[in-house]
Amino acid sequence: MTRFSEVLKRSGRMRSRQRKIANAFMLSLTAFLTALALVPLFWIITYVIARGGQYINLDFFTQLPRPMGIAGGGVLHAIEGTIVISILAALFSIPPGVLAAFYAARNPNSPLGVAVRFSTDVLSGIPSIVIGLVAYALIVQPQGHYSALAGGIALAILMLPIILRTTEEMLKLVPHSLREASLALGAAEWKTSLSVLFPAALNGILTGFLLAIARAAGETAPLLLTTLGNDHYDIAQIIRGGLQTHQSIFQIVGRMLNQPVDSLPLTLWKYAQQPYPERINQAWAVALVLMIFVLSINIIARAWIQVRTRRLQG
Amino acid sequence: MQSTKAIPRSSYSPLRRAFKHGDRPWQGLIVLVSILVLLLVLGIGWKLWQGSAQARSALGWKFILPTLDANWNPALDQFQAWPFIYGTLITSLAAIVLAVPISLGVAVFLAELCPAWLRLPLNWMVELLAAIPSVVYGLWGIFVFLPRVVVPFGEALFSVLGHIPLLGILFTGPIPLSGSSRLAAAMILTIMIIPTITAVTRDVLLAIPNSQREAGLALGATRWETIWQVLLPYGLSGILGAAILGLGRALGETMAVTMVIGNSIESSPSLLKPGYTMASIIANEFSETVSGLHTQALIEIGLVLFAMTLILNLFARLLVWRAARRTPQEVRA
């Protein structure tokens, strides 16, 4: 790299023209690179819509898969599985994430606060397949079978750092005066946290939760090692069967959670590897559903943040 | 109002005083949860360590050391992980080589040049690129990206670089007709890590004080010279951190890579040949292991992956953190 002083020394008229050309060239190069980086985004979106759109119909959302060779069938099992796993992941990640964020936002410089933020950074960097291995060793191995529960815990570990960090940032944005006013009125610390800080930060916390769910809904690798897949998963049938044999609600919910399930990305991955064109077509349809779900959640969450921050600034 | 009668102290039970209208339990709860978060990280490391104990004692260091004739034969309990470690490293490094210049360009455009009305939509689009699920990248990769982009690009690389001594080893072709190769994995990874590197680099550039830009321009430098000779050196450690964060992401990426890399253990080091990565061997074999040692060996691969990403992330965070903390005073000195 040339030193700046040398550039000045050399800058005759010729130099100056060269420099202007270099300037224009490099600046347009950055614009070109930006366009280049965004090509895959539009390519993927348009291609998935064009391919997947043809194979989406009502059956796709309401039917279980049929054996190969019989036309039709859908991915109801995977949709239900995704919902069950996501609910479990949310239950396991939101309460600890929000509570730890209260601590980290309140005591940012205490040793434990630093340790929590540090762990959050570390957690968000761990590859999802490694999280899957750990969930396998923690739950699948002792239980002896794959289950929705294990998948929910794996995804919860992935969601935890996202929820913790956004909540912490949002709690820090709440003005000190609000906290002090509440304490001055005689409210206890916990009362202040739950009825003043938490509602004030709620919007941010919800966006963090949305982004975390969007991330978890597209995850495949940990589910491969924890939920495995199940073509016959059908919540309606589990409930019906449970009611007929007079099982308690706990037994029914237990059966929902304690067996292998499929999820949309897992189904996509399996179908994409099969040689049957029908399966490949369904894989494209699954990709479309998944993409629309994930992208629209992302857009909603980000638009929400934009509106909120503009209102706070304005 | 009646004068309030002093409550005799004895009516406060010691227990109630200790709880102090609920603050102690609350404090205890959030401290407990915070400690749990901390223990979670330690627990992950410990579980991987413990889960691979037999494999570590049975296979020793030979498991992860580089070799030319690596042996991976689960039926005979022979395991050597070098082909997977090599595959992970070569695809991730190639992805970094491709992604850093592009991300740098995008970040400069977003932070320095882009008109205000375009900034928000462009930022969103870059973030959406990161939001697309990995399996969707994989599916699109197999059917669209590989035949249309990777195969022609791979052939061009083979004919241009394939015959150069030394460097040519990395580009011995020809690339398979389907396009499934380490190059395909590297190119998909490039697309997937551009958002990470771009976002961090953009933030590093935006954090540079305006006085730096003004000083450059006031000395007669063009905008590009200001960017190249003032801003980029100023943010260098942060940009390096961004690249390492991207590398960390590339190392652990599983699904898209598994779908396009071809999943075969090759002795050729070439980028144009199919390969295997650490994450993809776990994804492919873990649910069908043939022996306890097989499972353990896969968990040990997970442990190595965990250690690699942990070290990289710590290093990257340190760099980004230092770049963000650097104050104008320090620069003046």
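Trainee: How many residues of helix 11 of chain A are buried?
Mentor: This is a predicted model. Helix 11 of chain A covers residues 235-244 and is hardly covered. A residue needs 20 or more other C-beta atoms within 10 Å to count as buried. Among the 10 residues of this helix, the count of buried residues is 0.

Trainee: What share of chain A counts as buried?
Mentor: Take the whole chain now. Chain A has 314 residues. The share that counts as buried is 43%.

Trainee: How are helix 8 and helix 9 of chain A oriented to each other?
Mentor: Helix 8 spans residues 176-184 and helix 9 spans residues 189-217 of chain A. Their axes lie 10 Å apart, at an angle of about 155 degrees. Angles over 145 degrees count as roughly antiparallel. Helix 8 and helix 9 of chain A are therefore roughly antiparallel.

Trainee: Which residues of helix 9 of chain A make the contact with helix 8 of chain A?
Mentor: Helix 8 of chain A passes helix 9 of chain A in a right-handed crossing. Helix 8 brings Leu178(A), Arg179(A), Ser182(A) and Leu183(A). The contact residues divide into 5 nonpolar, 2 polar and 1 charged. Those of helix 9 are Thr192(A), Val196(A), Leu197(A) and Ala200(A).

Trainee: How are helix 4 and helix 5 of chain A oriented to each other?
Mentor: Helix 4 (residues 76-106) and helix 5 (residues 111-125) of chain A have axes 8 Å apart. The angle is about 130 degrees, and the crossing is left-handed. Ala100(A), Tyr103(A) and Ala104(A) meet Gly113(A), Val116(A) and Arg117(A). Helix 4 and helix 5 of chain A are therefore oblique.

Trainee: Is Leu123(A) buried or exposed?
Mentor: Leu123(A) sits in helix 5 of chain A. The cut-off for buried is 20 or more other C-beta atoms within 10 Å. Leu123(A) has 21, so Leu123(A) is buried.

Trainee: Which residue of chain B does Leu123(A) touch?
Mentor: Leave out residues up to four places away in sequence. Leu123(A) then touches Leu160(A) and Pro161(A) in chain A. From chain B, the residue is Val41(B).

Trainee: Which helix gives the largest share of the side of chain A that touches chain B?
Mentor: The contact takes 69 residues from chain A and 68 residues from chain B. The side of chain A divides into 55 nonpolar, 9 polar and 5 charged. The largest share is 19 residues, and it comes from helix 2 (residues 13-53) of chain A.

Note on methods: Residues numbered from 1 in each chain as written. Chains lettered and ligands numbered in written order. Predicted model: local features only at pLDDT ≥ 70, side-chain atom pairs only at ≥ 80, totals over all residues. Axes fitted to C-alpha atoms, helices over the stretch in contact; angles between N-to-C directions. Helix = DSSP H or I, 4+ residues; strand = E, 2+ residues; numbered from the N terminus. Parallel < 35°, antiparallel > 145°, perpendicular 65-115°, else oblique. Left-handed = near helix turned anticlockwise from the far one by under 90°. Contact = placed C-beta atoms within 7 Å. Nonpolar A, V, L, I, M, F, W, Y, C, P; charged D, E, K, R; others polar. Buried ≥ 20, exposed ≤ 12 C-beta atoms within 10 Å, placed from the backbone.
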